[in-house]
Amino acid sequence: MVAKIKRQIASLSLIAKLGLLLLTLLLLLAAILLLVFLLPRHHRRPLPPSSPPANGSDPDNIVAFDFSPYLILYNSGRVHRMDGTDRVSPGVDEATGVTSKDVVIDRSTGLGARMYLPPAKGGDKKDLGAFPVLVFYHGGAFVIESAFTPKYHDYLNKVTAKARVVAVSVDYRLAPEHPVPTAYDDSWQALNWVARNGKSGPEPWLRDRGNMSRMFLAGDSAGGNIAHDMAMRAGKEGGLEGGVAITGILLLDPYFWGKNPVGAETTDPERRRKYEATWSFICDGKYSIDDPLVNPLSMPASEWRKLACSRVAVTVSDLDIFKERAQAYAEALRDSGWGGEVEQYETAGENHVYFLDKPWSPKSAKELTFVAGYLSSE
């Protein structure tokens, strides 16, 4: 009996101890909660700030100017070109037999060119003769492409072979890194380099193979704009080095624009503002949309008569937004009292510089025949 009582007392003692432990734990938890809720808020450490969205304020990812589908300029100054950056090497073109090479015109600026020489007729290397000289300016809205991109390399090979000219395709510097007038100044320097070498060298393809009495300037789109400006500049500045004269210019779907619509040109205000904005971007706001550089129609007749050549050919594509102004260009030149010959060529149902984008097209072949005939005719 005594043993049983002792066991009951021990059991009660254990329960009491467990109860006491539980009570202690509850009191401790209550004390902790009391401290948490009663502690002054300014003693609590703030949470670290959340990270900003990725690239949310990175100037290298904020668009400063969207010139799609050509390029995008970012606030950091980074330029992302979407087209016209591929290069092909010079050499002998298997399809035409034309030989090409690259030359440096000004090492300090990187100004250069790609030159093209036609093959001898029938493979007879003795029958080389003296060829007309073509100075070509590529297009690309002043912001993309180069003398070394596949489309221009292919086109110059074809023109050189068919027209049998010595061609110099100028690689002028591009906007926005080098805003207009850099493209014009580079083109003028290259043109005088051609004139100088055609007279006295040292470039043998010009000195020995070029007939400088028959020198032509040509270009597509922005390049057509440049070719026009070069002939105007030659007239205003007293000609080229060595007294070399420009025989004619060939403007292929040239890029010209202006504040007010011409002919059936679009009257959509939004679209016209877009073209005005892109010109301002190209020249960094230096020239208005009615400056003669981009709008020759703003010139008086007396200025047109300074165009330093005797022949002009203008080609247009039926669906090209620049068609109306190019046609107005030819008409204004005729009406100005300028004493030369103006030719026009139009392709129906095609867009701007289609002959570069679809070189396999029968229409492209037909226009190439016109171009070659213009350059090779006496």
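Predicted model: local features only at pLDDT ≥ 70, side-chain atom pairs only at ≥ 80, totals over all residues.
Helix α2 spans residues 150–163 and helix α10 residues 362–376; the two pack at an angle of about 55°, and their axes lie 9 Å apart. The crossing that α2 and α10 make is right-handed. On the α2 side, the meeting residues are Tyr 155, Lys 158, Val 159, Lys 162 and Ala 163, while α10 contributes Leu 368, Thr 369, Val 371, Ala 372, Leu 375 and Ser 376.

**Parallel strands around β8**

Strand β6 (residues 131–137) runs parallel to β8 and is joined to it by 7 bridges. Within this part of the model, Val 133 stands opposite Met 215 of β8. Strand β9 (residues 248–252) also pairs with β8 in the parallel sense, over 5 bridges. Here Gly 219 has Leu 251 of β9 as its bridge partner. Between β8 and β9 the chain passes through helix α5 (residues 222–236), and this β-α-β crossover is right-handed.

**The open antiparallel sheet**

Three strands, in the order β1-β2-β3, form an open sheet with antiparallel pairing. Its edge strands are β1 (63–67) and β3 (79–81), each of which pairs on one side only. From one strand to the next, the twist averages 10°. Strand β2 (residues 71–74) is joined to β3 by 3 bridges, and Ile 72 has His 80 in β3 as its bridge partner. Helix α6 (residues 269–283) lies across β1 and β2, at about 115° to β1.

| Strand pair | Bridges | Direction |
|---|---|---|
| β2 and β3 | 3 bridges | antiparallel |
| β6 and β8 | 7 bridges | parallel |
| β8 and β9 | 5 bridges | parallel |

**Thr 315 and its surroundings**

Thr 315 belongs to strand β10 (residues 311–317). Its relative accessible area is 0%, under the 20% cut-off, and Thr 315 is therefore buried. Neighbours within four places in sequence aside, the residues in contact with Thr 315 are Leu 250, Leu 251, Leu 252, Asp 253, Pro 254, Tyr 345, Glu 367 and Phe 370. Among these contacts, Leu 251 is also the β9 bridge partner of Gly 219.

How values were computed
Residues numbered from 1 in each chain as written. Heavy atoms only, no water. Pairing = 2+ DSSP bridges. Helix = DSSP H or I, 4+ residues; strand = E, 2+ residues; numbered from the N terminus. Axes fitted to C-alpha atoms, helices over the stretch in contact; angles between N-to-C directions. Contact = heavy atoms within 4.5 Å. Right-handed = clockwise from strand over helix to strand, strands pointing away. Buried < 20%, exposed > 50% of the residue type's maximum accessible area, 1.4 Å probe, protein only. Left-handed = near helix turned anticlockwise from the far one by under 90°.
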